[in-house]
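Here are a few friendly notes to read with the model open beside you.

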Amino acid sequence: MESKVYDSAFHPDAGEKMVLIGPMSTHVPMNMTITDCMMTFYRTTLAVLFWQWVNQSFNAMVNYTNRSGDAPLTVNELGTACMSVTTGTEVTALGFNALTEHMSPLIGHLVPFAAVAATNCINILLMRQRELKVGIPVTDENGTHWGESAHAVKQAVAQVVVSRILTATPGMATPLFIMNTLEKKAFPKRIPRMSAPIQVGLAGFCLVFATPLCCALS
């Protein structure tokens, strides 16, 4: 029991204590809330900037916490990566917002998902740049260390990029289409206070299944 508690709190390679919301076990509760806010507050520039910043800051923390190997990023590298990711995601989101301004509301609701999918690639590459430079440890089934592999890093990062995008897809797309259908039936207008809880619940339900399934891919 004690070893399980230790393993859940400390990085397996670096041995350092992980930030509380960094491990994948926090992915569902954190993302269901952030996803709902991104899908709800997307009409104003300030709302887009704020929630995309929150989302990519959380993603950066998760990607860094769940990195392979024991070579941490320097403070300089970490700061540059966070600034680059945040700037990239906000420019992408605002660009998509401008392009879809005169399109249907359904398309406008997809802007957060498009921004997340596009910038997840940048986020993962930047937060795991040290691994791409020095490689990740390669061990056999007995735990014997055989060195570092740059090829394994490229394969691992590619799998993580695909995994993260697939993880985000059900939680951001499914609630959108269901809520759009409900809006046509005037349900949210009769009970407007239920819209946000329903959307959060749907996002959480999708993430409960999508997170472990997509993590298995990486």
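Predicted model: local features only at pLDDT ≥ 70, side-chain atom pairs only at ≥ 80, totals over all residues.

1. Is Thr 167 buried or exposed? Its relative accessibility is 4%, and the cut-off for buried is under 20%, so Thr 167 counts as buried. A polar atom of its side chain lies 2.7 Å from the backbone oxygen of Ser 163.

2. Beyond its neighbours within four places in sequence, Thr 167 touches His 27, Leu 207, Ala 210, Thr 211 and Cys 214. His 27 is in H2, where it takes part in the contact with H10. Leu 207, Ala 210, Thr 211 and Cys 214 belong to H10 and are part of its contact with H8.

3. Now the packing of H8 on H10: the angle is about 150 degrees, with the axes 8 Å apart. Angles over 145 degrees count as roughly antiparallel, so H8 is roughly antiparallel to H10. The crossing is right-handed. On the H8 side the contact includes Ser 163, Thr 167 and Pro 170. Its residues divide into 13 nonpolar, seven polar and no charged.

4. Helix H2 (residues 27-40) also packs against H10 (residues 195-215), at about 135 degrees and with the axes 8 Å apart. The two helices are therefore oblique to each other, and H2 passes H10 in a right-handed crossing. Among the residues that meet are His 27, Asn 31 and Asp 36 from H2, and Gln 199, Leu 207 and Thr 211 from H10. By class, this contact has eight nonpolar, seven polar and one charged residue.

Methods: Residues numbered from 1 in each chain as written. Heavy atoms only, no water. Axes fitted to C-alpha atoms, helices over the stretch in contact; angles between N-to-C directions. Helix = DSSP H or I, 4+ residues; strand = E, 2+ residues; numbered from the N terminus. Parallel < 35°, antiparallel > 145°, perpendicular 65-115°, else oblique. Left-handed = near helix turned anticlockwise from the far one by under 90°. Contact = heavy atoms within 4.5 Å. Nonpolar A, V, L, I, M, F, W, Y, C, P; charged D, E, K, R; others polar. Buried < 20%, exposed > 50% of the residue type's maximum accessible area, 1.4 Å probe, protein only. Polar contact = N/O pair within 3.5 Å; in protein donor to acceptor, adjacent residues only side chain to side chain.
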